[in-house]
Amino acid sequence: MIEKSFFIRVIGCQMNVYDGDKLRGELLSRGWQEAESEDCADFVVFLTCSVRERAEQKAASEIGKFGKKWKKSHRPRLALLGCMAARLGDNLARKFPWIAVAAGPAHMGLVPDAMDRALETGARFVAGSETRAAGPISCAPRSRGNPHKAYVTVANGCDQFCAYCIVPYVRGRFASRAPDDVLDEARELVRNGAVEITLLGQNVDAYGKDFGGGARGRFASLLNGVSSIDGLRRVRFATSHPSDFTDDILDVMGSRPNICPSINLPVQAGSDRVLREMNRRYTKDEYVSLVRRIRAALPEPAITTDLIVGFPGETEDDFEESVALFGELRFDLAHTAAYSPRDGTPAASRPDQVPAAERARRLVRLNGVQTEISRKINASMVGKTYEVLLDEPAPKGEGMLQGRTATDKVVLVRAPLEMAGTFREARVIGSSPWCLEGELV
Ligand code: SF4
């Protein structure tokens with residue numbers, strides 16, 4: 001039997017982490033070995049992101065670096081997966097002969113066979129012209145980068161068509177998984193050691209819309225089912241869309257203590273004009289009212305948001321409305337980005353692009369405002385005690401473990417590695433805008 005080894009590199013979102021975990025499990029079950037580094041792997045798997053131009057450029061440059069080694073030894077082969085493979089897989093495979101497999105999210109199910117074939121016969125596989133809807137790899141992600149936490153995709157693709165976003169074009173139309181599939185996978189993950197599960201989708205709140213009869217109650221019911229699994233200590237979900245987030249979701253969250261009170265609710269802009277041009281389908285007032293309802297319904301929820309500065313046509317006044325919204329709603333954290341034009345989206349061809357330098361200036365200003373808000377919120381937690389799931393060594397600081405509160409705040413504590421995967425009480429003794437320092441009590 002041919003010895004086969006792989007190394008997985010994930011660039012991008014949690015859905016890529018999930019796809020990578022599934023692929024790892026499937027390859028291991030087929031007799032592949034996971035290499036310690038990409039230097040000693042037969043296959044390097046890249047799970048890529050297309051949301052921003054810079055992420056694509058970085059991935060293309062990383063892929064290019066394999067050329068020298070390939071010319072010498074014809075190793076390693078590359079599997080280019082994720083959104084960038086859906087968008088540019090054909091072109092990149094033509095340019096880089098070491099790409100043996102190129103397949104976007106819709107064709108993940110074909111990847112394990114393609115990798116086997118590439119090693120056994122040298123055959124290359126580019127899914128660009130593949131019309132079979134292969135769907136995902138069917139096994140649960142048994143072998144995970146983090147054994148205590150797991151992701152479960154509940155829906156793929158997106159039907160919202162926000163004017164700046166490439167996702168509907170690379171991940172396809174919104175498609176919910178059957179509730180029994182999601183529940184079976186979640187149960188298997190819990191049997192397999194997961195104590196925290198995050199339900200994933202580009203728009204989880206729309207779960208079930210495509211089953212007919214409307215989405216109302218569907219995600220709430222799924223959330224209720226998953227959170228009722230014995231042994232599952234925490235359930236999270238991401239990402240929410242303000243126009244699909246309904247109060248029945250809050251009712252379930254309020255009644256199930258293991259559903260974490262942390263919600264990522266992208267607002268994307270603070271100006272109604274920009275929201276309309278982005279095709280976001282809600283107004284600023286509707287968004288503010290939803291945040292107020294969440295805060296009234298849940299004890300101490302953490303709300304995070306995403307916001308784009310410099311969308312085409314965004315004026316200084318529009319931008320100041322985003323700044324004011326941050327001041328008014330005081331998010332725990334914000335993922336902010338300067339608008340990045342993506343070919344094929346309506347916003348990319350608009351003539352009124354905001355100059356790059358101005359986008360950068362607005363981003364720095366908004367980040368400064370949010371950093372101060374996060375600093376104050378986190379400082380207010382000093383002296384309080386929280387339950388923390390310790391889950392992995394901290395990236396810096398010997399003898400430190402990193403964990404998260406139910407509200408998804410990062411907490412660093414001095415603790416032995418054997419405590420990873422356990423829930424501990426930690427008192428907060430220090431804070432920064434990005435994380436908390438704690439001591440075990
Ligand atoms: S809802 Fe999110 S994923 Fe869907 S088009 Fe809008 S930004 Fe993209």
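Analyst: What follows goes through the sheets, the helices and the ligand shell in turn. This is a predicted model, in which local features need pLDDT of at least 70 and side-chain atom pairs count only at pLDDT 80 or more, while totals for chains, interfaces and linings use all residues. Residues are numbered from 1 along each chain as its sequence is written.

User: Good. Which strands form the open sheet of 6, and in what order?

Analyst: The order is E2-E1-E3-E4-E5-E6, with parallel pairing, where two strands pair if DSSP finds at least two bridges between them. Helices (H or I, at least four residues) and strands (E, at least two) are DSSP runs, numbered from the N terminus.

User: And which strands stand at the edges?

Analyst: Those are strand E2 (33-34) and strand E6 (125-126); each has a single partner strand, so one side of each is left without a neighbour in the sheet. Elsewhere in that order, strand E1 (residues 5-10) and strand E3 (residues 43-48) pair in the parallel sense over 5 bridges, and Phe7 stands opposite Val44 in E3.

User: What does helix H5 lie across?

Analyst: Helix H5 (residues 111-121) lies across E3, strand E4 (77-82), strand E5 (99-103) and E6, and it runs at about 170° to E5. Axes here are lines fitted to C-alpha atoms, for helices over the stretch in contact, and angles run from 0 to 180 degrees between N-to-C directions.

User: Switching topic: how many strands form the sheet with E7 in it?

Analyst: That open sheet has 3 strands in the order E7-E10-E11, and the pairing is parallel. Its edge strands are strand E7 (149-153) and strand E11 (234-238), each of which pairs on one side only. Neighbouring strands of this sheet are turned by 25° against each other on average, direction ignored.

User: What joins E10 to E7 and E11?

Analyst: E7 is joined to strand E10 (residues 196-200) by 5 bridges, with Ala150 standing opposite Ile197 in E10. E10 and E11 likewise pair in the parallel sense over 5 bridges, and Leu199 stands opposite Phe237 in E11.

User: Why does Leu23 count as buried?

Analyst: Leu23, which lies in helix H1 (residues 14-29), counts as buried because it has 26 C-beta neighbours inside 10 Å. Leaving aside its neighbours within four places in sequence, Leu23 is in contact with Ile8, Val45, Val111, Pro112 and Ile137, contact being defined by C-beta atoms, placed from the backbone, that lie within 7 Å.

User: How do H12 and H13 pack?

Analyst: Helix H12 (residues 316-329) and helix H13 (residues 356-379) pack at an angle of about 10°, with their axes 10 Å apart. Phe319, Ser322, Val323, Phe326 and Gly327 in H12 meet Arg362, Leu366, Val369, Gln370 and Ile373 in H13.

User: Last one: what surrounds the ligand?

Analyst: The surrounding residues are Cys158, Gln160, Phe161, Cys162, Cys165, Val167, Pro168, Gln202, Asn203 and His241, where a residue is near a molecule if its C-beta atom, placed from the backbone, lies within 6 Å of it. This shell divides into 6 nonpolar, 4 polar and no charged residues, with Ala, Val, Leu, Ile, Met, Phe, Trp, Tyr, Cys and Pro counted as nonpolar, Asp, Glu, Lys and Arg as charged, and the others, Gly among them, as polar.

How values were computed:
A residue is buried if 20 or more other C-beta atoms lie within 10 Å of its own, exposed if 12 or fewer, and partly exposed in between; C-beta atoms are placed from the backbone. Two residues are in contact if their C-beta atoms, placed from the backbone, lie within 7 Å.
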